[in-house]
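Please view the sequence and the structure before reading on.

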Amino acid sequence: VFFGLVLVIAILLIWRRRRAVTAKFRHRGAAYRLAAAALETWQSVTTEIPIQQLAAGISLVLRGYLESATGDPSLFETREELCRRDGALQQLDEPTRDELMAFLLALSSLQYGSQSDGNRDELLARASVLLEQARHGMES
């Protein structure tokens, strides 16, 4: 009887954990689809807005995805705060994290005027690639 009870509890715990893991991946998938759709929307208006606004929008999309998919507070931090915080974006593999930080720096330069020109299509293409890399970087 005791062994049967322990077995039932073990099965319930395993089932509950598996369900939680499945829900987490489902949530990450929804966050990815939302971010990808947002980047597509920016693509459709890219010639109608200043480069600073595009850079800010791309940054918000990427940070929003990271916040939603990982719980990382990067959406609510400046780029400087994000770079200085120990443990920032630890859910990502190191190459993706480094490339993402460098891209956020480039976006910040565009956004705040230290660089006023940039290829809009390249920015959006790079953002899409990094979004995909971040998605896969969390799954591995």
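## Aromatic pair

Two rings of Phe, Tyr or Trp (its six-membered ring) count as a pair if their centres lie within 6.5 Å, and a pair with planes over 60 degrees apart counts as edge-to-face. The structure examined here is a predicted model. A search of the whole structure finds one aromatic pair. Its members are Tyr32 and Tyr65, with 6.4 Å from centre to centre and 80 degrees between the planes, an edge-to-face arrangement.

The pair links distant parts of the chain, as Tyr32 belongs to helix 1 (residues 2-45) and Tyr65 to helix 2, 33 residues apart. Both Tyr32 and Tyr65 are buried.

## A charge over the ring

Tyr32 has a further contact, with an arginine. The charged end of Arg135 sits over the ring of Tyr32, at 4.1 Å from the ring centre.

## The largest pocket

The volume of the largest pocket is about 200 Å³. Its lining consists of 13 residues, and those nearest the centre of the pocket are Ser59, Arg63, Glu77, Gln111 and Tyr112. Helix 2 (51-70), helix 3 (79-84) and helix 4 (94-111) are the elements that each give two or more residues to this lining.

Which helix gives the most to the lining of the largest pocket? Helix 2 does, with four residues. By residue type, the lining of the largest pocket divides into five nonpolar, four polar and four charged residues.

Conventions: Residues numbered from 1 in each chain as written. Predicted model: local features only at pLDDT ≥ 70, side-chain atom pairs only at ≥ 80, totals over all residues. Heavy atoms only, no water. 1 Å grid on protein atoms, 1.4 Å probe; cavity = no way out; pocket = protein on both sides within 12 Å on 5 of 7 lines; lining within 4 Å. Points joined across faces, edges and corners; volume = space filled by probe spheres on them. Nonpolar A, V, L, I, M, F, W, Y, C, P; charged D, E, K, R; others polar. Phe/Tyr/Trp six-rings, centres within 6.5 Å; stacked < 30°, edge-to-face > 60°. Buried < 20%, exposed > 50% of the residue type's maximum accessible area, 1.4 Å probe, protein only. Lys NZ or Arg CZ within 6 Å of the ring centre and 35° of its normal.
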